Amino acid sequence: MQALHGYYLEDLEVGMQASYAKTITDADVVLFAGISGDDNPVHINAEYAKTTMFEQRIVHGMFSAALISAVLGTRLPGPGAIYVDQQLKFKAPVHIGDTVVATATVVEINAERRRVKLETICRVGEKVVAEGVATNMVDRRPA
């Protein structure tokens, strides 16, 4: 790896893994609502959230997706890779104060197309809160 470049295609192997962890604060949720425009009251209004099946505010599902992006963009494959696809299922709510650990594991490498598939999983403790598969386009090592 170079200082401003992550892994090259030739450096990757099936089974490689990286993670990013973040404890979600109230400020994170409010800022995410402002940035995304998603001000659904289940995320920002405690009184409203009490009337829902969750009984309290929940973190935006796409916040977990953003943590996956952090793994892919900064750790594996890292800078230089282009995030081209993500399938994602939200499995359980995330609450303010939870620590979400996003993990990406290389599951397939298509050298011809320069595509790398990674299993993506977000957990709070042992509970899976989101899971899916991402595809990244990864540079070949310069000649």
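Colleague: In what order do the five strands of the open sheet come?

Modeller: The order is 1-3-4-5-2, with antiparallel pairing. Bear in mind that this is a predicted model. On average, the twist from one strand to the next is 20°.

Colleague: What makes strand 1 and strand 2 the edge strands?

Modeller: Each of them pairs on one side only.

Colleague: How do you know that strand 3 and strand 4 pair?

Modeller: Count the bridges. Strand 3, residues 99–110, and strand 4, residues 115–124, are joined by ten bridges in the antiparallel sense. The cut-off is at least two bridges, so these strands count as paired. If you want a spot to look at, E108 sits opposite K117 of strand 4. Four residues separate the strands in this hairpin, and R114 there has a positive phi near 60°.

Colleague: And what makes strand 4 and strand 5 a pair?

Modeller: Strand 5 covers residues 127–137, and ten bridges link it to strand 4 in antiparallel fashion. Pairing needs at least two bridges, so strand 4 and strand 5 pass. Two places to check are V116, whose bridge partner in strand 5 is N136, and C122, whose partner there is A130. This hairpin has two residues between its strands, and G125 in the turn takes a positive phi of about 65°.

Colleague: How do you know that the length of helix 4 is close to what is expected?

Modeller: Helix 4 runs over residues 61–74, which makes 14 residues.

Colleague: Which residues of helix 4 are buried, and what do they pack against?

Modeller: The buried ones are F63, S64, A65, L67, I68, A70, V71 and L72. They pack against helix 1 (26–36) and against strand 1 (17–23), strand 2 (82–90), strand 3, strand 4 and strand 5.

Colleague: Why is H95 called buried?

Modeller: Its relative accessibility is 18%. Buried means under 20%, so H95 falls on the buried side of the cut-off. You'll find H95 in the loop between strand 2 and strand 3. Apart from neighbours within four places in sequence, H95 is in contact with Q56, R57, I58 and V59.

Colleague: What makes up the largest nonpolar core?

Modeller: This core has 28 residues. Those with the most contacts inside it are I24, L76, V94, V100, V116, L118 and C122. Helix 1, helix 4, strand 3, strand 4 and strand 5 each give two or more residues to this core. Helix 4 gives the most, with five residues.

Colleague: What does C122 contact, leaving aside its neighbours within four places in sequence?

Modeller: C122 is in contact with S64, I68, V100, V101, A102, K127, V128, V129 and A130. One of these, A130, is also its bridge partner in strand 5.

Colleague: Where does UniProt place the feature "domain: MaoC-like"?

Modeller: The UniProt record, an unreviewed entry, puts that feature at residues 17–119. Over this range the chain is 33% helix and 32% strand, and the end C-alpha atoms are 9 Å apart.

Note on methods. Residues are numbered from 1 along each chain as its sequence is written. This is a predicted model: local features need pLDDT of at least 70, side-chain atom pairs count only at pLDDT 80 or more; totals for chains, interfaces and linings use all residues. Side-chain values use heavy atoms; hydrogens and water are left out. The expected span of a helix is 1.5 Å times one less than its number of residues. Buried means under 20% relative accessible area, exposed over 50%, partly exposed in between (1.4 Å probe, protein chains only). Contact means heavy atoms within 4.5 Å. Axes are lines fitted to C-alpha atoms, for helices over the stretch in contact, and angles run from 0 to 180 degrees between N-to-C directions. UniProt positions are given in the numbering used here, feature names are shortened, and annotations may be inferred rather than shown by experiment. A nonpolar core is a set of buried Ala, Val, Leu, Ile, Met, Phe, Trp, Tyr and Cys residues joined through side-chain atoms within 4.5 Å.
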